[in-house]
Amino acid sequence: AQREAEAAAMREKLKKEWVEAQEKMKNEKLEVTYSYWDGSGHRRSIQITKGTSIGKFLEAVRLNIAADFHELRTATSDSLLYIKEDLIIPHQYTFYDLIASKA
């Protein structure tokens with residue numbers, strides 16, 4: 001009984017440490033170079049945290065470049081796509097998810 005309690009306490013401690021480490025990694029800054037495509041590529045970069053979702057990233061990008069591209073002023077981030085190589089990445093994923101899965 002005591003051994004089981006010690007094992008459970010150790011599991012809980014390790015779980016807490018793992019969760020804290022993951023949260024720390026999600027809060028790390030990341031510079032993302034992106035290209036807005038409207039028939040020609042417009043490369044820019046933006047700083048975000050690894051825990052930022054693709055949807056929030058697209059909204060930050062939209063706000064960042066809306067002054068230069070008038071068609072984006074009325075657009076929403078839902079109407080934008082994040083394409084990595086040949087994959088369209090859904091808005092609910094975070095950059096942490098992509099890094100952790102080595103996508």
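This is a predicted model: local features need pLDDT of at least 70, side-chain atom pairs count only at pLDDT 80 or more; totals for chains, interfaces and linings use all residues.

Student: How many salt bridges does the count come to?

Tutor: The count comes to six. A salt bridge is a side-chain nitrogen of Lys or Arg within 4 Å of a carboxyl oxygen of Asp or Glu. Side chains of opposite charge can pair when their charged atoms come close.

Student: Which parts does the pair Glu28 and Lys50 tie together?

Tutor: The side chains of Glu28 and Lys50 meet at 2.8 Å, N to O. Glu28 lies in the loop between α1 and β1 and Lys50 in the loop between β2 and α2, so the pair ties together parts that are 22 residues apart in sequence. Helices (H or I, at least four residues) and strands (E, at least two) are DSSP runs, numbered from the N terminus.

Student: Is Lys50 buried or exposed?

Tutor: Lys50 counts as buried because its relative accessibility is 16%. Buried means under 20% relative accessible area, exposed over 50%, and partly exposed in between, with a 1.4 Å probe and protein chains only. Glu28, at 34%, is partly exposed.

Student: What about Glu59 and Arg62 in helix α2?

Tutor: Their side chains also form a salt bridge, 2.8 Å from N to O. Glu59 and Arg62 are three residues apart in helix α2, so about one helical turn separates them. Glu59 is partly exposed at 26%, whereas Arg62 is buried at 11%.

Student: Where is Val61, and which residues does it touch?

Tutor: Val61 sits in helix α2, residues 54-65. Not counting residues up to four places away in sequence, Val61 touches Tyr34 and Ile46, where contact means heavy atoms within 4.5 Å.

Student: Why does Val61 count as buried?

Tutor: Val61 counts as buried because its relative accessibility is 7%.

Student: Changing topic, what does the side chain of His42 join?

Tutor: His42 lies in strand β2, and a polar contact of 2.9 Å joins its side chain to that of Asp38. A polar contact is a pair of N or O atoms within 3.5 Å; within protein, one must be able to donate a hydrogen and the other to accept it, and residues adjacent in sequence count only if both atoms are side-chain atoms. Leaving out residues up to four places away in sequence, His42 touches Tyr34, Ser35, Tyr36 and Phe69.

Student: And what lines the largest pocket?

Tutor: Its lining has 15 residues, of which Ser35, Tyr36, Trp37, Leu81 and Tyr82 lie nearest the centre. The elements giving two or more residues to this lining are β1 (29-37), α2 and β3 (82-84).

Student: How is a pocket defined?

Tutor: On a 1 Å grid over the protein atoms alone, a pocket is an open set of points where a 1.4 Å probe fits, with protein on both sides within 12 Å along at least five of seven lines; lining residues have an atom within 4 Å of a point.

Technical notes: Residues are numbered from 1 along each chain as its sequence is written. Side-chain values use heavy atoms; hydrogens and water are left out.
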